[in-house]
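Subject: Structure for your review

Dear colleague,

Please find the structure below, followed by an account of what was found in it. I would be grateful if you could read the two side by side.

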Amino acid sequence: MDTIAIPAINLAVIAPEVVLSVVAMALLLINVFVKSEQKGYLGYLSIAGILGTLLMLIPAWGSSVEGFSGTIIQDNFAIFFKVIFLISAAMSILITDKYLEREGCNQGEIYPLILFATVGMMLMASGTDLMTIFLGLEVLSVSLYVLAGFNRNNIKSNEAGLKYFLLGAFSTGFLLYGMALTYGATGTTKIAKIASYIAMNGVSSSNLMLVAGMILMSTGFAFKVAAAPFHMWTPDVYEGAPTPMTAFMSVGPKAAGFAAFARVLLVALPALKPEWSSLLWVLAVLTMTVGNITALYQQNIKRMLAYSSIAHAGYILVGFTAGNAVGTAGILFYMLSYAFMNIGAFAIIILVGKKGEENSNVSDYAGFGYRHPVLGIAFCIFLFSLAGIPPAAGFIGKFYLFSGAIQAGYIWLAVIGVLNSAASVYYYLRVMVFMYFKEPTEDFEWVKLTPAFVLCLLIAVIGVLVPGVLPGLFLELAQKAVLM
Amino acid sequence: MNQIPILTLLLFLPLVGALLLLALERREGMARVVALCIGLLETVLACSAWFCQCNLPVANAPKGFFLFEDLPWIEALGIRYTIGMDGISLLLVILTALVTVIAMLTSWRSITERVSLHYLLLLAMESGIMGVFLSLDLFLFYLFWELMLIPMFFLIFIWGHGRNIYSAVKFFLYTLIGSLLMLLAIIGIYLIHGSQSGIYSFGLSAILGTQFTSATGLWLYAAFLLAFAVKFPIVPLHTWLPDAHTDAPTAGSVILAGLLLKTGAYGLIRFGYPLFPEAARTLTPLLIVLAVTGIIYASWIAFAQKDMKRLVAYSSVGHMGFVALGIAVWTPVALSGAVLQMVNHGLTTTALFALVGMLDERTHSRQIEDYGGLWGKVPLLSAFFVLFAMASAGLPGLNNFVGEFLILAGSFKVAHIATILAFIGVILPLVYTVRLIQEVIFQEERRPLTLSDLTLREISILAALAIGDLYIGLHPAPLLEILKTPVALLTGGSP
Amino acid sequence: MVSLNFYLVLSAILFAIGTIGVLTRRNAIVIFMCVELMLNAVNLTFIAFSKYLGNLDGQIFVFFVMTVAAAEAAVGLALMIAYFKNRESIDVEDMNLMKW
């Protein structure tokens with residue numbers, strides 16, 4: 001047995017995570033002294049923390065630093081994802097305050113929880129050891145379970161939290177078992193070493209233990225990113241969770257799941273590419289198709305967006321299946337634009353909703369476009385982007401993902417993806433049709449637009465349109481952040 | 001590149017106008033006037049492009065293009081903002097500007113709710129269609145191709161009647177599926193060309209020489225053809241068209257028939273044939289058969305229609321069948337005829353839809369059996385009706401005759417039997433048109449109708465179209481002159 | 001010495017029992033206990049490999065898994081209490097407010 005050497009500690013690598021954790025803990029303390037009506041200020045403090053973290057991350061772009069004896073790395077790939085997490089966290093926080101006030105569960109703990117979840121995601125993106133990835137994932141998941149059930153007095157939120165918890169823990173079991181088998185087959189948990197062990201000893205698809213490990217880990221990750229057939233929890237959790245948290249959950253954790261998934265498969269197990277790409281092929285097709293077809297007949301808009309987010313995970317899997325530079329860059333670009341469009345759409349849903357979420361049926365949007373022309377147009381922009389219609393960012397992202405698939409020779413996958421995307425247009429359009437076509441049934445009370453909301457929507461609109469019209473810079477960044 | 005970026009102006013003026021209308025949400029009268037002004041300005045701009053033809057040759061531009069603009073856009077992907085205008089584009093651009101103005105005028109009174117949104121959509125669509133006719137970069141082309149879809153969907157959906165939801169969705173899904181497959185084919189060409197030459201580009205002139213293996217070329221061409229055939233519409237894919245027309249508001253029908261159908265034909269001329277000459281030749285017999293089937297079948301069905309709008313819609317399918325035939329045989333004469341026929345069809349069918357819309361506004365019926373004896377009551381309207389109906393039937397001296405004649409003359413050498421069959425397609429429209437005119441205009445009045453004759457606005461619409469019809473019918477030489485160079489270049493002859 | 005395979009088979013059986021339990025049981029707490037069983041099966045695998053391969057990574061991993069499982073249990077039980085307060089049941093059959 002080898003002795004334990006104290007690993008070289010390189011705090012600079014995890015500085016952003018440390019800062020964010022410290023801010024979160026400080027907020028927990030401050031929270032005790034803040035009156036219930038003023039909890040919103042905690043939100044602004046946490047945004048300040050996020051901005052600080054962002055400022056620390058940006059100078060690190062372009063360099064690749066390892067730390068903690070190779071269990072964690074800060075490279076472009078990680079930084080790109082971290083920026084996505086931080087942006088989505090900040091945008092979700094912007095829309096949280098008013099929502100909590102309306103729902104009457106104004107507790108300040110939500111902000112530290114969001115920050116902890118973000119730290120977890122950041123660890124997942126940086127982790128180069130199965131252990132770090134697992135820990136990041138758990139920090140994220142445990143926070144998310146609470147966030148999903150945050151509205152304690154609302155039975156739907158309770159149910160969402162509990163369901164998420166049970167299925168999340170269940171999927172963690174699979175992920176861990178996969179990690180254990182991979183460890184058994186290669187004798188290490190470090191991603192780089194797994195790859196070099198496989199390369200040196202010529203372990204390949206004939207090694208059943210490794211293949212089983214790969215499949216079980218993929219299952220675990222598929223749960224986390226809500227890929228069919230492991231998506232059953234998604235609609236319930238998204239529908240029941242507080243809407244700002246749904247927005248948060250549908251973007252950040254999904255991106256984090258993909259980040260870790262990509263690192264494990266692309267860096268640790270490139271030797272098994274034929275196996276995992278055929279596995280992902282099936283997952284991608286199933287995910288897109290199930291997501292889109294089920295979304296077609298949803299009445300509840302949150303649920304519809306939940307299925308749509310499943311479908312989007314499917315498109316991302318298309319790029320993933322390709323496994324080449326274009327596909328991976330596509331994943332990065334798509335996740336970035338998805339953050340903006342999805343959170344933007346959820347922001348509008350919060351505005352339209354009433355206390356107790358009675359107002360979340362598609363038919364409640366009747367006449368919305370006339371009542372509030374500017375909000376209506378913003379919503380249309382988000383929906384168009386989700387549908388992948390130019391010139392929104394969603395189109396460029398999809399274009400790039402499918403290009404990757406075609407380049408890798410997965411023509412049929414691209415065809416199926418495109419047909420799915422055509423079907424998806426229908427349910428997004430349906431919302432727009434209600435907005436502009438139907439007369440409003442009655443006057444509805446909606447949350448007053450606060451500066452925070454306006455800011456969030458503004459960021460979202462800019463984030464959808466600018467990468468859509470001038471994607472050059474963003475594509476370049478994504479290409480530089482690719483793992484190979 | 002010339003000093004004033006006319007093409008960019010052409011592309012974005014309507015879009016800017018659409019944004020302007022956003023601000024005029026509540027002021028409907030104002031919105032109408034602003035939209036019309038933008039439309040007219042666009043028409044003037046389009047016509048001014050006519051006088052740029054002497055520019056030739058333009059530096060860097062592909063042969064035959066007298067207006068050309070090229071700027072880098074998304075360099076990471078080799079996508080450029082490349083737009084250019086040759087003779088074919090010129091005619092279609094002018095047609096687009098004109099038909100849009102007419103669509104605006106036809107909906108002047110009939111659209112009473114959400115007026116500014118209506119005009120906004122018309123302008124946005126104009127921008128999209130202009131983009132399709134001007135783009136020389138496949139990616140750009142696809143963007144505009146999609147852009148023109150959405151406003152049309154909303155036009156049918158919001159202001160349509162009858163089964164408008166069904167029709168709008170059907171229209172949308174048909175065209176979207178076609179165009180998405182085309183997108184995949186575009187990506188495929190891009191990648192194949194990139195791997196062959198090392199330069200990844202979507203530019204048409206860069207891609208033109210790409211060699212495909214015959215199977216790949218066939219698949220890629222099939223994807224393009226599918227997208228274009230849906231828009232065309234070529235017969236088995238035409239079923240969305242009558243529904244969309246029947247339920248669309250007049251302006252929607254006018255744009256749909258006048259412009260949207262042309263984009264499919266244009267795409268085939270500009271991209272389909274030049275990019276895949278070999279595959280196109282392989283599929284030519286199929287296209288010819290489908291075109292001729294379309295001509296005869298559509299005329300046959302048109303004969304049985306009771307709804308005037310549906311009748312005109314089916315006659316459209318027939319006319320576009322001629323265009324398809326002209327393109328399929330790909331001889332200089334037939335191709336000029338096809339382009340000319342596109343313009344003709346744009347003018348004539350627009351007029352017919354406008355007329356049906358006017359009748360509908362007056363009596364709220366489009367059924368043939370509800371009318372009769374219009375001649376005595378509304379002579380002016382009846383006169384225009386007869387004129388345009390005869391033009392549509394291909395009466396010599398009017399525009400459609402010229403186009404059809406050229407197509408038939410050009411295709412006879414290549415495809416005898418098809419041409420002879422298509423000739424039947426020239427006669428059939430006469431039958432249903434004469435029946436239409438007889439029943440609506442001349443027959444005894446079947447039920448008392450109170451009608452007023454045309455207003456000044458309506459007269460100006462119809463007169464403008466009638467002038468176009470007569471001009472092309474009697475003196476098509478200038479237009480053919482414009483088409484000569486681009487058609488010769490496309491078909492591989494010397495200009 | 002007992003060979004590695006025995007440990008692996010045992011942990012696989014435990015894992016399977018846990019999985020089946022999660023899928024068939026109705027009481028949320030029992031489900032959660034089944035999940036714990038799965039995690040412990042994994043722990044057993046890790047330790048067996050660690051011993052067999054002669055490196056400590058597996059054992060360190062197990063510590064983390066146990067810590068995390070404890071944190072998860074805290075959160076999970078809290079969620080169950082909150083649910084029970086509103087619904088007076090923690091039967092998953094009753095979690096049917098949202099469907100399709």
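A residue is counted as buried here if 20 or more other C-beta atoms lie within 10 Å of its own. By that cut-off Ala226(A) is buried, because 29 other C-beta atoms lie within 10 Å. Please bear in mind throughout that this is a predicted model.

The loop around Ala226(A)

Ala226(A) sits in the loop between α9 and α10 of chain A. Its phi is near 60 degrees, which is a positive value in a residue other than glycine. Pro229(A) has its place in the loop between α9 (208-224) and α10 of chain A, and a cis peptide bond with omega of about 5 degrees joins Ala228(A) to Pro229(A).

Chain B also has a cis peptide bond, between Phe232(B) and Pro233(B), with omega of about -15 degrees. Pro233(B) belongs to the loop between α9 (214-231) and α10 (240-247) of chain B.

In chain C, Glu88(C) has a positive phi of about 55 degrees, although it is not a glycine. Glu88(C) lies in the segment after α3 (57-87) of chain C. Is Glu88(C) buried or exposed? It counts as exposed, because it has 8 C-beta neighbours inside 10 Å.

Chain A as a whole

Chain A comprises 20 helices and 2 strands. Its radius of gyration is 21 Å, close to the 23 Å that the globule rule gives for 484 residues, so chain A is as compact as a globular protein of that length. The C-alpha trace of chain A spans about 70 × 55 × 40 Å along its principal axes. Of the 484 residues in chain A, 67% are buried. Among contacts in chain A between residues at least 6 apart in sequence, 80% join residues at least 24 apart.

The buried residues of α10(A) include Trp233(A), Asp236(A), Tyr238(A) and Glu239(A). Their cover includes α6, α7, α11 (243-268) and α13 (301-322) of chain A.

How the chains meet

Which chains have the most contacts among the 2 pairs that touch? They are chains A and C. The contact takes 35 residues from chain A and 37 residues from chain C. On the side of chain A that touches chain C, the elements giving two or more residues are α6 (130-148), α7 (155-186) and α10 (233-240). The largest share of that side, 17 residues, comes from α7(A). By class, the side of chain A that touches chain C has 18 nonpolar, 9 polar and 8 charged residues.

The contact between chains A and B takes 24 residues from chain A and 22 residues from chain B. On the side of chain A that touches chain B, two or more residues come from each of α17 (393-407), α18 (411-436) and α20 (472-480) of chain A. Here α18(A) provides the largest share, 10 residues. The side of chain A that touches chain B divides into 18 nonpolar, 5 polar and 1 charged.

No contact joins chain B and chain C; their closest C-alpha atoms lie 24 Å apart.

The nonpolar core

The largest nonpolar core has 431 residues, and those with the most contacts inside it are Ala347(A), Leu383(A) and Leu325(B). Helix α14 (residues 325-352) of chain A gives the most to this core, with 21 residues. Leaving aside neighbours within four places in sequence, Leu383(A) is in contact with Ala345(A), Tyr428(A), Val431(A) and Met432(A).

Two helices and a residue in chain B

In chain B, the axes of helix α14 (residues 332-363) and helix α16 (residues 379-393) come within 9 Å and cross at roughly 145 degrees. The crossing of α14(B) and α16(B) is left-handed. Residues of α14(B) that take part include Thr348(B), Leu352(B) and Leu355(B), and those of α16(B) include Phe384(B), Phe388(B) and Ser392(B). This contact has 10 nonpolar, 2 polar and no charged residues.

Val34(B) lies in helix α2 (residues 28-50) of chain B. Val34(B) is partly exposed, with 19 other C-beta atoms within 10 Å. Leaving aside neighbours within four places in sequence, Val34(B) is in contact with Gly17(B), Leu20(B), Leu21(B) and Leu24(B).

With kind regards

Technical notes. Residues are numbered from 1 along each chain as its sequence is written. Chains are lettered from A and ligands numbered from 1 in the order in which they are written. This is a predicted model: local features need pLDDT of at least 70, side-chain atom pairs count only at pLDDT 80 or more; totals for chains, interfaces and linings use all residues. Helices (H or I, at least four residues) and strands (E, at least two) are DSSP runs, numbered from the N terminus. The radius of gyration is taken over C-alpha atoms; the globule rule is 2.2 Å times the number of residues to the power 0.38. A residue is buried if 20 or more other C-beta atoms lie within 10 Å of its own, exposed if 12 or fewer, and partly exposed in between; C-beta atoms are placed from the backbone. Two residues are in contact if their C-beta atoms, placed from the backbone, lie within 7 Å. Ala, Val, Leu, Ile, Met, Phe, Trp, Tyr, Cys and Pro count as nonpolar, Asp, Glu, Lys and Arg as charged, and the others, Gly among them, as polar. Axes are lines fitted to C-alpha atoms, for helices over the stretch in contact, and angles run from 0 to 180 degrees between N-to-C directions. A crossing is left-handed if the near helix is turned anticlockwise from the far one by less than a right angle, and right-handed if clockwise. A nonpolar core is a set of buried Ala, Val, Leu, Ile, Met, Phe, Trp, Tyr and Cys residues joined through C-beta atoms within 7 Å.
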